[in-house]
Amino acid sequence: MAHCAEDFVDLNLKVLTMSHWPASNWSAPWEFVILGFSGWPPELRALLFALLLPLYLATLMGNLLIVGLAVVDAALHTPMYFFLGALSAVEVAYTLVLTPPMLAGFLLPPGGQAVGPSTCATQMGLFVALGGSECLLLAAMALDRYLAICHPLYYPQLMTAGLCWCLLACCGLGGSLLALGLTTAIFQLPFCHGGLVNHVFCDLPAVLVLACGNRDLQERTLLAACLLLLVLPLALILLSYTRVLVVILGVGGAVGRRKAFSTVASHLTVAVLHYGCATAMYARPLRSRSLEEDKLVSLIYINLTPLLYPAIYTLRNRDVQGALWRAVGPRTPGAAHQADVT
């Protein structure tokens with residue numbers, strides 16, 4: 001991943017040297033203005049704020065609940081729930097970075113929200129780092145399920161607590177290095193199209209269209225990031241779960257197959273949601289984009305998708321349901337025994 005950051009900076013230098021814009025037109029905006037939905041009627045923006053604020057609070061509560069259960073419930077102290085708790089923690093940070101500024105934008109007067117270049121770069125970097133870490137974390141979860149189901153005899157020796165923490169650190173480090181390289185390369189570009197960001201936050205395509213230079217090279221930079229964060233992890237996930245499904249169909253009883261299918265279905269659903277939204281947003285050329293459409297799509301992946309993750313895991317997972325019952329249910333030996341049995 002360290003080489004990736006260097007490659008992005010090298011690509012940025014090529015953009016500067018190959019630019020067809022006169023140097024006199026190059027400038028760095030004193031501030032960026034995030035337009036968001038400031039052009040919409042005030043009544044509609046107020047309605048969106050009233051609808052999305054409860055979704056945001058529910059997302060925070062759901063993901064924090066999973067993190068708390070994974071930490072305090074001894075029955076969930078396994079590698080699978082370790083990664084599930086880490087995924088929910090990443091989602092909490094993700095929503096804290098993006099959702100409050102978006103909600104605040106609904107209440108601001110028309111004209112957009114002005115932010116400094118450092119604030120814009122920080123927002124973009126955190127978004128890429130968290131999104132990239134989540135992509136890699138989903139791949140680590142697929143590896144965990146592959147080892148647990150395809151190599152059950154060696155699983156306790158292979159997936160140790162040390163390896164779990166090592167994989168989590170690699171996911172965070174990989175996403176952070178790629179975010180650092182990509183954000184640095186973008187904000188070293190000359191901006192000759194002003195500082196009006198037609199999005200709800202400083203997203204990569206919305207900022208890239210403001211830059212001068214070789215547009216084809218800029219698109220290849222963005223597509224390279226998509227390849228590293230989307231295509232490769234998704235290929236590993238699909239290969240892992242394909243092998244898992246083959247093993248499930250070949251061995252085990254009906255009860256074991258049903259539980260394994262339920263776990264795989266939950267993981268695959270989350271992976272499809274995450275990679276589907278990310279691919280639709282970023283694996284497209286800049287020239288074929290409509291930033292207005294991107295803003296509408298952002299309402300889905302910022303507000304709805306993170307809310308679905310805890311719902312999928314809590315509604316479909318009996319272990320999480322049991323942990324929740326033990327946390328909030330009656331504190332009696334009979335009830336505790338019944339929760340453990342289920």
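1. T59 sits in helix α2, residues 42-72. Helices (H or I, at least four residues) and strands (E, at least two) are DSSP runs, numbered from the N terminus. T59 is buried, with a relative accessible area of 2%. Buried means under 20% relative accessible area, exposed over 50% and partly exposed in between, using a 1.4 Å probe and protein chains only. The side chain of T59 also reaches the backbone oxygen of L55 at 2.8 Å. That is a polar contact, a pair of N or O atoms within 3.5 Å; within protein, one must be able to donate a hydrogen and the other to accept it, and residues adjacent in sequence count only if both atoms are side-chain atoms.

2. A word on what you are looking at: this is a predicted model, in which local features need pLDDT of at least 70 and side-chain atom pairs count only at pLDDT 80 or more, while totals for chains, interfaces and linings use all residues. Residues are numbered from 1 along each chain as its sequence is written, and side-chain values use heavy atoms, with hydrogens and water left out.

3. Now for the overall picture. The protein chain has twelve helices and three strands. It has 342 residues, of which 48% count as buried. Among contacts in the protein chain with a separation of 6 or more, 80% come from residues 24 or more positions apart.

4. Back in helix α2, have a look at G62. This glycine is buried, with a relative accessible area of 17%. G62 and L307 are 245 residues apart in sequence, yet their C-alpha atoms are 7.4 Å apart in space.

5. How do α2 and α3 pack? Their angle is about 160 degrees, and their axes are 9 Å apart. Axes are lines fitted to C-alpha atoms, for helices over the stretch in contact, and angles run from 0 to 180 degrees between N-to-C directions. The two helices, α2 and α3, are therefore roughly antiparallel to each other. For reference, angles under 35 degrees count as roughly parallel, over 145 as roughly antiparallel, 65 to 115 as roughly perpendicular and the rest as oblique. α2 passes α3 in a left-handed crossing. A crossing is left-handed if the near helix is turned anticlockwise from the far one by less than a right angle, and right-handed if clockwise. By class, the contact of α2 with α3 has 20 nonpolar, seven polar and two charged residues. In this scheme Ala, Val, Leu, Ile, Met, Phe, Trp, Tyr, Cys and Pro count as nonpolar, Asp, Glu, Lys and Arg as charged, and the others, Gly among them, as polar.

6. The loop between α2 and α3 holds H77. The side chain of H77 reaches the backbone oxygen of V71 at 2.8 Å. Not counting residues up to four places away in sequence, H77 touches A70, V71 and V72. H77 and A161 are 84 residues apart in sequence, with 9.7 Å between their C-alpha atoms.

7. Next, follow α3 (residues 79-107) to its packing with α6 (residues 161-187), where the angle is about 25 degrees and the axes are 10 Å apart. α3 and α6 are therefore roughly parallel to each other. Their crossing is right-handed. Here P79, F82, F83 and A86 in α3 meet C164, W165, L167 and L168 in α6. By class, this contact of α3 with α6 has eight nonpolar, no polar and no charged residues.

8. Helix α6 also holds G174, which is buried, with a relative accessible area of 2%. G174 and L228 are 54 residues apart in sequence and 10.0 Å apart in space, C-alpha to C-alpha.

9. S133 is worth a visit too, in helix α4, residues 117-150. Is S133 buried or exposed? S133 is buried, with a relative accessible area of 10%. Its side chain has a polar atom 2.7 Å from the backbone oxygen of A129. Leaving aside neighbours within four places in sequence, S133 is in contact with C171, G172 and G175.

10. R258 is exposed, with a relative accessible area of 55%. R258 and I248 are ten residues apart along the chain, and their C-alpha atoms are separated by 9.1 Å.

Key. Contact = heavy atoms within 4.5 Å.
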